[in-house]
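Visitor: I would like to go through this model term by term. Please set each value against its rule.

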Amino acid sequence: MAVSNVTFYERVEEALHDRQLQTALDISTTRFTTGRQNALAALPEAEALRDHARRIRAHTIAHLDRYLAQFADSVERVGGQVHWAETAAEANQIVAELALSRNVKNVVKSKSMVSEELHLNQTLEANGMKVVETDLGEYIAQLAGEKPSHIIAPVIHKTRQDVADLFRRKLQATDADLADVPHMTALARRVLRSEFLQADMGISGANFAVAETGSICLVTNEGNGRLTTTTPRLHVALLGMERLVPTLEDLGVMLQILARSATGQKTSVYTNIITGPRRTTAGQPIEPDGPDELHIVIIDNGRSQILGSELAEILYCIRCGACLNACPVYQQIGGHAYNSVYQGPVGSVVTPGLYGLDPWHELPQASTLCGACREVCPVRINIPRMLLKLRSETAEAGLNPDWLKRGLRLYRQTVVRPGWYHLGGQLTSWLSRKIADNGWFKKLPGPLSGWTDHRDFLAPAKKSFSQRWREEREQ
Amino acid sequence: MTTDIKTVQLFVTCLIDKFFPETGLAVVDILEALGLTVEFPLAQTCCGQPAFNAGFWDDARAMARYTIDVLAQSDAPIIIPSGSCGDMIIHHYVDLLANDPHYAAPAQAVSTRTYEFTQFLVDVLGVTDLHSTATGCVAYHASCHGLRGLGLKTQPHRLLKQVAGLEPKELPGSEECCGFGGLFAVKMSQISGAILQRKLDNIEASGADMVVGTDVSCLMHIAGGLRRRGSAINVKHIADILRER
Ligand code: SF4
């Protein structure tokens, strides 16, 4: 994955000073978190459903090899073709070859996180194809030449005015086109409609894939998923290899919590379950619509590595985005600061899991370990546990700053020697009371200055609790 | 009292020991007023959470083993006036030492007899009314590790409700993190500071003249932020309030 030269800290700094981003983040994360809360509160069995969903995901991931084999058989049985890609490069090659061999010129895409991992658009464009994102958010990001900043709301960072300016520049929109949101949407819809009609290939992701039936399930709010997968003659679905559920009944459980956790909707506006291409008898289509060919590319790209590690639980994720919205860090810095396809708490585990700790080791540190992510996760993934695990791997790999390593070593040696510990405490207290201003510090030296950049620091008490206990109780 | 507990031992935490000794004394006062004998093992230091959260697990293990040795000298229930250190000893010690042939069992034993202070009062002793009095409008900040790690959802509220003269104020986002996160506040201070500002805005909007919580770490963070703003709002550990009679 491409890594920019700008550091995490610089991106954070930029995000925190971006007034407009701060407003946009405030509005949307609040809207999503309250929506989620209300939707779950209105569902009496919500907690039991979450437990059930977790069991389904845990079971599937524990037996992933079996369900993948079953899924592949089922797909072929219904007339689709399965391709296996171990790496992003392999996946790109498979899709490009499919397109080239079938003389594809125009590609439409519905939202797919895994395609962001692959940088698939670049590959197809390099092969002379035109690729158009059709999810409105993704389309806006594509027009702006930006990356999505939220896994379910790609342009959460943009205001309506930003989009209006963009449409004016890129789509020659008139004042009438930009009068209000419905007009702007109508404009995008007109533009996209002609893209759908021209396209020879549709690329989609898959929210879930059902092992039993070989179906893939797509949920969208705009219907673009349906058009992408039915209008062009060729449909290629990209499937992260962990996205399986065993049966249609299990799919029903997942769908009940997905939209509620993501946006607070009871269900997404469009739920498509696609089982095979357009059916034919003796070469003649017997269904009115659907693509002639359906290809499903099952992508590993680092997932087996996660599967075999202590991070395997993160593969339960159903990409609802609830942990992003609830995360106090994401709420402040937004998605771009993470510089990864996957942002927020889930991204801070998945990204180093897929690509390694170097250079991604800052992400697991970007957390207060408050546990809000775990609390809202529909499948109750213990994200803080994995952030801690990654921090311990970071320490073992020696990727921490030296002052921290040395400081903690010294601290440890003192903590296990109460004599040193209390002597050190008394010295610090004596010294700091000499220099503190009214018992507080406005400025601390060295790495500790981070604290006093934003708040005052309390000086230690003159006498510690232990000293007082000793003096008052133990004579 | 409905239990036969006569003696408890106090693990006061490093921050209360060094920065808030009065809070430690308040805890002792309250427990003694309930007829309990309070032991304080003088060899206690720090539970090791800073090293654990930073990923330095070998260092954390050394500190955990040390603390377990200190606490294993007595069989009395262990009371910790901090949800965060409580979570460390109750949950993380057990995980950290699970494969340690000498310490896995003691870690488990210490874990099962350790309680956060308000949890001990309400859930173990069944006490909510300590006949305390106070004056002022109070907003309660729920510290994350106590709330989500130990399930301290109702206990502090039930205790505060019984304090005569105290007017509870609703704190918007009371269960949201204050941005402290231990070393996070130093290493990623700009994010931590931004989260803190939101908490401070909410505190100021609540109309309270006092913020109360169960963890002095978060409270020290909030107090430092309020002081930087020049705010007159007081910050107190729940034991400081409950002690006043
Ligand atoms: S980790 Fe949980 S909350 Fe976060 S996106 Fe995945 S399923 Fe949703």
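Guide: Helices (H or I, at least four residues) and strands (E, at least two) are DSSP runs, numbered from the N terminus. By that rule, chain A has 23 helices and 14 strands. L431(A) sits in helix α21 (residues 418–435) of chain A. This is a predicted model, in which local features need pLDDT of at least 70 and side-chain atom pairs count only at pLDDT 80 or more, while totals for chains, interfaces and linings use all residues. Residues are numbered from 1 along each chain as its sequence is written, chains are lettered from A and ligands numbered from 1 in the order in which they are written, and side-chain values use heavy atoms, with hydrogens and water left out.

Visitor: Why is L431(A) called partly exposed?

Guide: Buried means under 20% relative accessible area, exposed means over 50%, and partly exposed is in between (1.4 Å probe, protein chains only). L431(A) has 49% relative accessibility, so it counts as partly exposed. Over chain A, buried residues make up 56% of the 475 residues.

Visitor: What makes L423(A), L427(A), W430(A), L431(A) and I435(A) a patch?

Guide: Patches are made of residues with over 30% relative accessible area and no salt bridge; like charges are joined within 9 Å, nonpolar side chains (Val, Leu, Ile, Met, Phe, Trp, Tyr) within 5 Å. These five form a nonpolar patch on the surface, with about 580 Å² of accessible area together. Such areas come from the Shrake-Rupley method with a 1.4 Å probe, and for residues only the protein chains shown count as cover.

Visitor: Why is the pair E313(A) and R385(A) called a salt bridge?

Guide: A salt bridge is a side-chain nitrogen of Lys or Arg within 4 Å of a carboxyl oxygen of Asp or Glu. For E313(A) and R385(A) the N to O distance is 3.0 Å, and the side chains meet in a salt bridge. The pair links distant parts of the chain, 72 residues apart: E313(A) is in the loop between α13 (303–307) and α14 (322–326), and R385(A) is in helix α19 (residues 383–396) of chain A. E313(A) is buried, at 9% relative accessible area, whereas R385(A) is partly exposed, at 32%.

Visitor: How do you know that chain A and chain B are in contact?

Guide: Contact means heavy atoms within 4.5 Å. On that rule, 68 residues of chain A are in contact with 65 residues of chain B. Buried area is the accessible area (1.4 Å probe) that two parts lose on being put together, summed over both. Between chain A and chain B this comes to about 6,000 Å², of which carbon and sulfur atoms give 64%. W451(A), R455(A) and F465(A) supply 12% of the area that chain A buries against chain B, more than any other three residues.

Visitor: Which charged side chains meet between the two chains?

Guide: There are eight salt bridges between chain A and chain B. One of them joins D26(A) and R198(B), at 3.6 Å from N to O.
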